[in-house]
Amino acid sequence: MPGVALVGSGSADLPATLTNDDLSQLVDTSDDWIASRTGIRQRHLAGADDSLASLAAAAGKNALAMAGLAPEEVQLIVLATSTPDDLFGSACQVQTLLGASRAVAFDLTAACSGFVFALVTAAQYIYTGVFQNVLVIGADVLSRWTDWDDRRTCVLFGDGAGAVVMQRQDDSQGTEEPGNGLLGFELCSDGTLNNCLNLSYQVASKPLVGDLTVQQGQFVPITMNGREVYKFAVSRVPEVIEKALFRANLTTADVDWLLLHQANQRILDAVADRLKIPRDRVLSNMIHHGNTSAASIPLALDEAVRSGQVQPGDVIATAGFGAGLTWGAAIVRWG
Ligand code: COA
């Protein structure tokens, strides 16, 4: 069976920032409250000329450049997002913006777990030998769907896009066993907890003809039960990472970096403590970005790779968690 390697990362540059002090002009909050409860000090916002597709394409372009690949060499683009420009999907627009004319492209929705789910999905196409080069993008513009009057949620989220290039490694490349960049994974869902975190569609009945009505409405901004989501994350995320490590035949001692969805610093600290992973092996950039949903993991990875923190060969335990509820972990080797 072929192996898979992570050979490039990239992210989009969003210059506009919204600080905690800025937020305190919108709602009754303070820099001190937000920073102490979440670890977030600012978040980036998409500009007036940005679209979900343009941010995703910018991240993808940077990842392809790091991998040394031309857009025409990509066969599959998986776009993890919950905030597409078009409900029919934004991945094809990303394909066009990149000039990846030979790629098939589709969206994948799993909220803040989206990137991990997309990474694992992409790997299956590579393992079966179908595709050689796959671009996995996590991008979200949650600012479109944030209730800017709700201090319990508006302080948490930001916009962003990040990407990785996954490449097939064939047996014929000199080694007996092809190297594998995806060492183990575990994915989970629990719809019974769906009402903890929603960006839901509110139906309004519209008479059509005779007795017939159609149910038309609109999506309403994010609602969240913060305490329940917090409890869910600190209990289920360590568990799912341990299962993924077990599948990889590794232990936490083999993990160079813990890279969690960047939701809340207190969640990161609690998960690291439960797994007995020292804090200096935890990647965190939420102080600058807040929670960017599907973008948070590839964005943090890209920053860590470009700063030289993550080195080729490093083992990264990554986990996403969020609405659905969904959660999942992947143990990956960089480079
Ligand atoms: N500024 C000031 N006060 C705030 C506030 C804000 N931004 N948000 C909430 N408060 C207040 C509440 O109104 C409440 O006041 P009250 O006791 O007078 O009613 C008090 O702070 C405590 O609220 P609570 O919701 O219990 O706070 P918390 O300690 O649970 O922290 C979160 C709130 C959201 C930071 C925390 O629950 C959390 O991080 N949950 C996980 C959320 C998450 O990660 N979601 C995304 C997953 S993908």
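**Entry 1: between the domains**

I began with charge pairs across the two domains and counted zero salt bridges between domain 1 and domain 2. The model is a predicted one, and I keep that in mind for every entry below.

I then noted the bounds: domain 1 covers 3-169, while domain 2 is made of two segments, 182-195 and 221-333. I find 47 residues of domain 1 and 42 residues of domain 2 in the contact. Taken over C-alpha atoms, the centres of the two domains are 16 Å apart.

How much area do domain 1 and domain 2 bury between them? I get about 3500 Å², with 65% of it on carbon and sulfur atoms.

**Entry 2: His289**

I went to His289 next and placed it in helix H9, residues 286-289. Is His289 buried or exposed? Its relative accessible area is 10%, so I list His289 as buried. Leaving out residues up to four places away in sequence, I see His289 touching Gln42, Arg43, His44, Gly158, Leu299 and Glu303. I also checked His289 against Cys112: the two are 177 residues apart along the chain, and 14 Å separate their C-alpha atoms.

**Entry 3: salt bridges**

For the structure as a whole I count eleven salt bridges.

Asp28 and Arg151 pair through their side chains at 3.7 Å, N to O. Asp28 is in the loop between helix H1 (20-23) and helix H2 (31-38) and Arg151 is in helix H6 (residues 151-154), so this bridge ties together parts 123 residues apart in sequence. I find Asp28 exposed, at 62% relative accessible area, and Arg151 partly exposed, at 47%.

The pair Asp269 and Arg279 also forms a salt bridge, at 3.7 Å, N to O. Asp269 sits in helix H8 and Arg279 in the loop between H8 and H9, so I note this one as a tie between parts ten residues apart in sequence. Arg279 has a further bridge, to Asp273, at 2.7 Å, N to O. I therefore record Arg279 as partly exposed from its 45% relative accessible area, and Asp273 as partly exposed from its 42%. Asp269, Asp273 and Arg279 are linked in a network.

**Entry 4: backbone**

Which residues did I note with a positive phi although not glycine? Asn249 is one of them, with phi of about 60°, and Lys276 is another, with phi of about 60°. I place Asn249 in the loop between helix H7 (226-247) and strand E13 (257-260), and Lys276 in the loop between helix H8 (265-275) and H9. Asn249 counts as exposed at 71% relative accessibility; Lys276 counts as exposed at 71%.

I also noted a cis peptide bond from Gly324 to Leu325, with omega near -5°. Leu325 lies in the loop between strand E14 (315-322) and strand E15 (326-333).

**Entry 5: a surface patch**

Last, I looked at a nonpolar patch on the surface, formed by Leu87, Tyr201, Val203 and Phe219. Together they have about 390 Å² of accessible area. I followed up Val203, which lies in strand E10, residues 201-209.

Methods: Residues numbered from 1 in each chain as written. Predicted model: local features only at pLDDT ≥ 70, side-chain atom pairs only at ≥ 80, totals over all residues. Heavy atoms only, no water. Patch = residues over 30% accessible without salt bridge, like charges linked within 9 Å, V, L, I, M, F, W, Y side chains within 5 Å. Areas by Shrake-Rupley, 256 points an atom, 1.4 Å probe, with all protein chains shown as cover. Salt bridge = Lys/Arg side-chain N within 4 Å of Asp/Glu carboxyl O. Helix = DSSP H or I, 4+ residues; strand = E, 2+ residues; numbered from the N terminus. Domains from an automatic or database assignment. Contact = heavy atoms within 4.5 Å. Buried area = accessible area lost by both parts, 1.4 Å probe. Buried < 20%, exposed > 50% of the residue type's maximum accessible area, 1.4 Å probe, protein only.
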